[in-house]
Amino acid sequence: MDTVKVEMTPEEFARYKQAMAEQIRRDEAYRSLAATTVDEFFPRLESTSNTLSKMKRLLYDSFSQVVETKRTVMGVETQGQRSHSFLSTDGTKRIIIGYYQRDGWDETVEDGIAKVRDYISSLAGDEETRKLVDIILDLLSRDGKGNLKADKVLQLDKYAESIQDARFSEGVAIIKEAYRPVRTKDFVRAQTKNAMGGWDDLPLGMTEA
C-alpha cells in the first residue's frame, strides 16, 4: 500500500517546531516542579516518620513497666495477651498498645490433618455423621491464600473429647502442637471519649489525619 507524503510549507513547519518546543518546555517545567516539591517535603516526612518511630518505642518501653506492674501487683496474667488498654486520670482518654499476629504452623500440622481425615473417611454415612463430617471439614478448610485459620482449627479440640477415637485425638493433638503464631507489627492507638460515650481515634497516620 502506498503511503501518502504530506508536504509542509516553511511557515507550517516553523509553527510545528515552535509547538513542539513549547510542549518540551512544559514537560520540563512539570518535571522540575514535581521533583523540587518532592525534594522539599521528603525530608520533612522522613523527620515525621522518625519522630513517630521514636515515640512508639518510648511508649512501648514505658508501658512495658506498667504491664509488668499489672502482672505482679494485681496478679493478672499477661502472657499471650496481645493488647493492653490504659485510661487517663479523668477517664476521658486512653492509650492501647499491642501487636498483630499471623497464624503459623510447622510442617507436622499436615500429619495431624491426615490423621483427622483418616478418621473422617472411616465414618458411616448416616445424616448425623455427615453433619459432623461437614463441620470438621469446614474447620480444616483453608482461606484464599491456602492458610489454616487457628480460630477454626483449634475448635477441633472440643470434638476430640466427645468422639473418643485415638486417631482423631492424636491428630488434633498434633495440630495443636504444630501451631506457631508469628508476631507481626506492634501498634499504638490513642483515643478520646466522645459525647456519646464512645471512643474516637486520635489520627496517628498520614491516612487517618
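## Strands β3 and β4

K193 has W199 in β4 as its bridge partner. Strand β3 covers residues 182–193 and pairs with β4 in the antiparallel sense over three bridges. Two strands pair if DSSP finds at least two bridges between them. Strands (E, at least two residues) and helices (H or I, at least four) are DSSP runs, numbered from the N terminus.

This is a predicted model: local features need pLDDT of at least 70, side-chain atom pairs count only at pLDDT 80 or more, and totals for chains, interfaces and linings use all residues. Residues are numbered from 1 along each chain as its sequence is written, and side-chain values use heavy atoms, with hydrogens and water left out.

## The sheet

Four strands form an open, antiparallel sheet in the order β1-β2-β3-β4. β1 (83–87) and β4 (199–201) stand at the edges with a single partner strand each, so one side of each has no neighbour in the sheet. The twist averages 30 degrees from one strand to the next.

Helix α1 (residues 10–73) lies across β1, β2 (93–102) and β3. The helix runs at about 90 degrees to β3. Axes are lines fitted to C-alpha atoms, for helices over the stretch in contact, and angles run from 0 to 180 degrees between N-to-C directions.

## Helices α5 and α6

The axes of α5 (residues 156–163) and α6 (residues 166–178) come within 9 Å and cross at roughly 155 degrees. The two helices are therefore roughly antiparallel (angles over 145 degrees).

L156, D157, Y159, A160 and I163 in α5 meet F168, S169, V172, I175 and K176 in α6 (contact means heavy atoms within 4.5 Å).

Methods. Parallel < 35°, antiparallel > 145°, perpendicular 65-115°, else oblique.
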